[in-house]
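Have the structure open beside you as you read.

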Amino acid sequence: MKIERRGVILVICAPSGTGKSTLIKRLMKEYSNIAFSVSCTTRKPRAGEVDGKDYHFLDKDEFLRRRDAGFFAEWANVHDNFYGTPKQATLDFLEQGRDLLFDIDVQGANQLRQNLAQGAYIFIVPPSKKVLVERLVGRATDAPEVIARRLDNARAELNEARHFDYIIVNDVLELAYYDLRAIYLAERTKRESLPGVLDRLLAEW
Ligand code: 5GP
């Protein structure tokens, strides 16, 4: 039978400290049809991170070997570590009609856009620089020089936000979540996402 619904692709980017992970977790908890694109990375696992669920953790040689073999739909060097999206897993999920969510950086998003025709590109921003600084300092997990570098990166990333389809300002988390959910639901009801429905109905006439 022809698949009625085509999987939605959500590509979500944000400077660190903007609440991206919280928003993504909540959306995936509410909608079980959304699969998370598990990236490969050379970064070391953080406490609580699970290999194969949060990331596929690889050493640098293995990452570069896979990169050179064309294993990735996109890859980038972020904060001195390599990150990449496995191509085949992406295609498999889409073929199953699953919705797929990518949590990647702006360089990766730009590459992905060239390789995948569909997708909603969403950029999450803080309400102000002041608030972002407060959030990064408040997390107290990073050294001051790491925070300074993240802020520097944030400017470059914000500059790229102009290429995205949607901007969510995360001031009040609850409202930012409603925005994200609204985007997801709108994408699901796009005509291109429902090719089989019209065909089936027309066949009844
Ligand atoms: P973290 O190390 O904090 O998990 O992620 C650091 C940054 O790398 C985040 O902005 C995250 O979105 C990005 N990232 C994670 N996976 C990928 C990936 O597969 N490709 C790219 N280009 N960026 C990624």
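## The enclosed cavity

The largest cavity is lined by F36, S37, S39, D54, Y55 and D103. This is a predicted model, so please read every value here as computed from it. The volume of the largest cavity comes to about 40 Å³, and a search of the whole structure turns up 1 cavity of 30 Å³ or more.

By class, the lining of the largest cavity splits into 2 nonpolar, 2 polar and 2 charged residues.

## The largest pocket

Now turn to the open space. The largest pocket has a volume of about 1,400 Å³, and 44 residues line it. Nearest its centre lie S21, R43, R46, Y55 and D103.

Which elements give two or more residues to the lining of the largest pocket? They are helix 1 (20-30), strand 5 (72-78), strand 6 (81-86) and helix 6 (144-160). Sorted by class, the residues of this lining are 16 nonpolar, 13 polar and 15 charged.

## Where the ligand sits

The ligand takes up the space of the largest pocket. Strand 5 and strand 6 are the elements that give two or more residues to the shell around the ligand.

That shell holds 15 residues, the closest being S39, R43, Y55, Y83 and D105. The shell is made up of 5 nonpolar, 4 polar and 6 charged residues.

## Polar contacts and burial

In K20, a polar side-chain atom lies 2.9 Å from an oxygen atom of the ligand. D103 likewise places a polar side-chain atom 2.7 Å from an oxygen atom of the ligand.

How much of the ligand does the protein bury? On its own the ligand exposes 510 Å², and the protein buries 89% of that.

Key: Residues numbered from 1 in each chain as written. Predicted model: local features only at pLDDT ≥ 70, side-chain atom pairs only at ≥ 80, totals over all residues. Heavy atoms only, no water. 1 Å grid on protein atoms, 1.4 Å probe; cavity = no way out; pocket = protein on both sides within 12 Å on 5 of 7 lines; lining within 4 Å. Points joined across faces, edges and corners; volume = space filled by probe spheres on them. Helix = DSSP H or I, 4+ residues; strand = E, 2+ residues; numbered from the N terminus. Nonpolar A, V, L, I, M, F, W, Y, C, P; charged D, E, K, R; others polar. Near = heavy atom within 4 Å. Polar contact = N/O pair within 3.5 Å; in protein donor to acceptor, adjacent residues only side chain to side chain. Areas by Shrake-Rupley, 256 points an atom, 1.4 Å probe, with all protein chains shown as cover. Sits in = over half its atoms within 2 Å of the grid points.
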